Amino acid sequence: MITLFDKPDNVWELIANGLPWTLTLAASSLAIGFVLAVGLALLRLSPITPLRWAAWSYVYFFRSTPLLVQIFLIYYGLGQFEAVQKSVFWPLLREAHWCAILALTLNTTAYTSEIIRGGLQAVPWGQVEAAKACGMSVLMRFRRVVFPQAIRQALPGYGNEIVLMVKSTSLASTITLLEMTLIARKETSATFTIEPLFVAAVFYLAINFLATRGVMALEYKLSPDLRDAKRSLPLPDQEPVAR
Amino acid sequence: MSEALALLAWGDGGWGDEMVFGAFVTLQVATLAFVLGIVFGAGGAAIKLSKVPGVPLIGDLYTTLIRGVPDLITIYIIFFGGGQAAMAVARVFGYTGYIESDPLTTGVIALGIISGAYSTEVIRGAVLAVPKGQIEAAKAAGMSTLTRFHRILIPQVARYALPGLGNVWQLTLKDTSLISVVGLVEIMRQAFVASGSTKEPFTFFVTAAVLYLALTSLSNKVFDKAEIWANRGVRRV
């Protein structure tokens, strides 16, 4: 993305060079992670005990260990095995950015599945019974009754997850990926000023501000039943849960 | 498998003792930072709940900034900024050499500030959960501000805040791994060094993961016990 030779003079421009990577990491891991998380949440609620147990273990491992361990396990750890080095995945697993995306995706899947599970469990059982009584199939019940309400319920929690993932992309700097944090840290080491770090901080704040606004707008759009006609965007929720 | 176990042996032949020592450093940083964070959190909650106009904004600024910026950036700012600040002070006294921040101090201060932002929200919520009537009743009974504080407010705030503080502790414990980037020899750093010299990174990062799992699981148990203790006077349905 940047080379040593075309280094911009302006520190804002310099940090902005890392923005595409930061956004790519956050967006791709959130998108893939969300799909996987829906599946994982369903496994967590499955009537089959081994499946439930496997999903629980996955969530427990990824939520109880630091993301940095997970990143290092994938980037440095997997190369220890010759089988991995000879496999078709090696060209991908050798690259820092694929490892970062993989680690971030696996991590957000665990956290998001818990948020979605909470949403699924919040749907009143009577509605499922009513849908059954109307003759809906399992799939149709899920698509028309359970899922839309679960998502609405899970949205505030998922907004926090988005912010946490945007922040988490900074850990990709530890495996040589030139996203905003690594560029800022290198520039700080080179110039002996901490200005680049503050500039990067402003970028992260801006992304997170826009993301939370986006989620709030979506929340507003998805809950016509809870708003009165004249009120505009609701105020930000001040109490996200600590991760 | 037996080779991996030999690598993790105790003493000069293996890395077992080094890894466990790293776990103690992790626990030490996490504990100091968590306690510092509660101090910041109590201060932050007091500021956010202040009735003086404009003052709560300072608290909002603190929590919004810290929670919106990656922890790694905060750590770097305190690490590099702290070194520069120390050098600026030293220059006044005639010392012009290079000063580097101490990783342990950096870690405790940085994680203290970060966990403090989360603790602020937890403690603020807990204070708001104490019924106002109780404070009024204590006043009517003639209790001084201090007595009201330690007899009425603190015991109940502690009870309401415990589950949230348990979350903050987990977060702080996991965040200590980030201090390895500024050179503190805790679990991650130790695993990294061992991986480099043995060329067996998977073994050591799995060991690190197991140590973190043990620490989080054990501390979960402690917080569960603490919650039961704090709720001993509450009748359950």
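# Chains A and B: a working chat

Q: How many residues does each chain put into the contact?
A: Chain A gives 32 residues and chain B gives 35 residues. Two residues are in contact if their C-beta atoms, placed from the backbone, lie within 7 Å. This is a predicted model, in which local features need pLDDT of at least 70, side-chain atom pairs count only at pLDDT 80 or more, and totals for chains, interfaces and linings use all residues. Residues are numbered from 1 along each chain as its sequence is written, while chains are lettered from A and ligands numbered from 1 in the order in which they are written.

Q: Which elements of chain A touch chain B?
A: The elements that give two or more residues to that side are α4 (67–77), α9 (138–168), α10 (180–191) and α11 (195–222) of chain A. Helices (H or I, at least four residues) and strands (E, at least two) are DSSP runs, numbered from the N terminus.

Q: And what classes of residue are on that side of chain A?
A: The side of chain A that touches chain B has 18 nonpolar, ten polar and four charged residues. Ala, Val, Leu, Ile, Met, Phe, Trp, Tyr, Cys and Pro count as nonpolar, Asp, Glu, Lys and Arg as charged, and the others, Gly among them, as polar.

Q: Now chain A as a whole: how many helices and strands?
A: Chain A has eleven helices and zero strands. Its C-alpha atoms fill a box of roughly 70 × 55 × 25 Å, taken along the principal axes.

Q: Why does Ser168(A) count as buried?
A: Ser168(A) counts as buried because it has 26 C-beta neighbours inside 10 Å. The cut-off for buried is 20 or more other C-beta atoms within 10 Å of a residue's own, with C-beta atoms placed from the backbone. Ser168(A) lies in helix α9 of chain A and touches Leu67(A) and Leu104(A), not counting residues up to four places away in sequence.

Q: What about α2(A): where does it bend?
A: α2(A) bends by about 25° at Phe34(A). The bend is the angle between axes fitted to the seven residues ending at a residue and the seven starting there.

Q: Which helices do its buried residues pack against?
A: The buried residues of α2(A) pack against α3 (49–64), α7 (96–122), α9 and α10 of chain A. Among the buried residues of α2(A) are Trp21(A), Leu30(A) and Ala41(A).

Q: How much of chain A is buried overall?
A: Buried residues make up 38% of the 243 residues in chain A.

Notes:
Buried ≥ 20, exposed ≤ 12 C-beta atoms within 10 Å, placed from the backbone.
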